[in-house]
Amino acid sequence: MTASADRPAARVLFVSSEVAPLAKTGGLADVASALPQALTDSGHEVRVVMPAYDTIDADSVPIAPHTVDIAIGPHHFTAGIRQTVLGNVEVILIDIPSLYHRGRIYTEDPDEHLRFAVLGWAALELCRAWDWSPDVIHCNDWQTGLIPLYLHTTHRQERFARTGTVLTIHNLAYQGGFSSDRINDVGLEPFREWLHQGHLGEGWFGFLETGLGYADILTTVSPTYAREILSPEYGAGLDWLLRKREEDLYGILNGIDTTVWDPATDPYLPYQYDAGTLWRKEWNKQRLLEDLGLAHDPDGPVFGLVSRMVGQKGIGLIPGPMAGILESTDARFVALGSGDPELEGALRGLEERFGDQVRFVSGYDEALSHRIEGSVDSFLMPSQYEPCGLNQMYSLAYGTPPIVRKTGGLADTVEPWDPASGAGTGFVFEHFDEGGVWWALNQTLDATRNPTAWKQIQLQGMAIDNSWASRAAQYADLYAKLTAAV
Ligand code: ADP
């Protein structure tokens with residue numbers, strides 16, 4: 001089959017430690033689910049491989065009648081194979097209870113390196129079992145970082161002679177560094193010279209570093225983050241290697257799943273709406289505030305936040321400037337998230353001080369996250385760094401102009417409001433400090449005081465297409481580049 005007139009269909013083995021909705025801790029899972037489906041829609045043959053964690057309902061992933069033998073270093077596993085389909089994509093799950101039945105996806109157990117080395121190794125053994133030669137193996141994050149090196153060493157086989165590799169960085173901060181006495185475990189003892197010699201001298205090796213060295217093409221999830229990670233400030237110790245590979249590094253924005261995030265069909269919203277029925281959003285706001293025990297005031301803007309509570313997200317910059325705004329206006333602030341107790345404590349402190357204006361809900365709540373997007377006036381994302389970010393794209397689609405710091409995918413997806421021309425989709429500040437947040441909150445308040453200008457910002461954001469179709473085509477172009485090169 002031909003994917004398009006000028007781009008042949010590719011056979012793609014897509015390997016990920018998370019795939020939504022089967023197993024998810026963050027944005028990686030959403031990408032590993034939506035991208036293969038969008039690629040399949042455009043005619044590519046994609047097979048997704050992931051571990052069969054015990055957190056996945058076993059009935060939803062039936063066991064296949066064959067097994068795969070895995071002999072890696074001194075270890076031997078007989079992997080059961082489970083299968084399911086997500087939309088139109090076949091998902092294959094590697095079933096090795098001794099490795100993947102831990103009650104959670106990631107652990108700090110002493111064999112964490114082996115759990116994910118085996119994932120990559122098993123994906124390659126599956127190709128042999130299927131008698132299938134992929135054109136491309138698409139790896140994701142550190143967990144799959146050894147695959148490109150396996151193709152040069154332990155799996156240097158005719159089957160993979162024309163197979164290219166893509167490694168996508170979803171967050172450079174997570175690198176999979178392990179003690180060098182684990183090298184034998186992952187099958188690379190005879191190939192130590194392929195690993196970073198300086199780091200071996202220091203007693204460790206890195207999965208992500210290895211993948212960044214040997215994958216044919218590197219991608220990350222926004223053009224700005226692709227540039228930022230070349231600098232020491234954002235490079236998390238790997239900028240030297242990324243600079244060496246700069247010609248092979250591409251930034252492709254993530255998309256949003258519009259079957260899940262669309263205010264016109266969102267089942268979590270009491271009142272669904274679109275660009276022509278935006279007034280219904282005010283009804284959602286009224287209901288949300290009531291449910292949270294806050295008074296509704298049509299003239300008081302409501303700020304919202306949904307986030308993992310980690311330093312990266314800039315949560316600590318919010319309470320100071322927000323307190324200033326709450327003291328002097330009728331604004332309200334609704335926040336949802338869980339994580340670092342200190343950051344949660346800072347938001348709880350704000351709620352205690354402004355009981356009539358602030359609600360902080362600690363926890364993970366899918367329904368409430370949708371309701372916040374579909375109710376509040378403006379959504380806060382003051383991140384220190386943000387590889388792509390999804391919530392600002394949900395906010396745009398929901399007519400909820402986001403307030404973001406100019407970094408990574410936030411810089412690429414939110415156009416700063418220009419009061420003079422009326423152009424723009426949100427509020428963008430540069431400096432990662434309280435002054436930046438203060439400036440952006442005040443600029444937002446100014447805009448809300450002019451209902452015509454405000455509606456224009458909302459509609460400009462809602463008109464933006466952040467769906468997966470065009471983003472998937474950019475990956476397909478890279479696959480075509482790889483297949484043309486062999
Ligand atoms: P990251 O992957 O760094 O957490 P993203 O913005 O890419 O950031 O994706 C975060 C996703 O997780 C979004 O879909 C967001 O709505 C969701 N999320 C984060 N915290 C919560 C929470 N407490 N409850 C519900 N959803 C949450």
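A residue is called buried when its relative accessible area is under 20%, exposed when over 50%, and partly exposed in between (1.4 Å probe, protein chains only). This is a predicted model, in which local features need pLDDT of at least 70, side-chain atom pairs count only at pLDDT 80 or more, and totals for chains, interfaces and linings use all residues. Residues are numbered from 1 along each chain as its sequence is written, and side-chain values use heavy atoms, with hydrogens and water left out.

Start with the whole chain. The chain holds 17 helices and 19 strands. Both are DSSP runs, numbered from the N terminus: helices are H or I with at least four residues, strands are E with at least two. The radius of gyration is 24 Å, close to the 23 Å that the globule rule gives for 486 residues, so the chain is as compact as a globular protein of that length. That radius is taken over C-alpha atoms, and the rule is 2.2 Å times the number of residues to the power 0.38. The C-alpha atoms fill a box of roughly 70 × 50 × 45 Å along the principal axes.

Now look inside. Of the 486 residues, 58% are buried. Take contacts (heavy atoms within 4.5 Å) between residues at least 6 apart in sequence: 72% of them join residues at least 24 apart.

Finally, find helix α3, residues 112-130. Its 19 residues reach 27 Å from first C-alpha to last, close to the expected 27 Å. The expected span is 1.5 Å times one less than the number of residues. Helix α3 is mostly covered, with 16 of its 19 residues buried. Asp131 follows α3, and its phi is positive, near 55 degrees.
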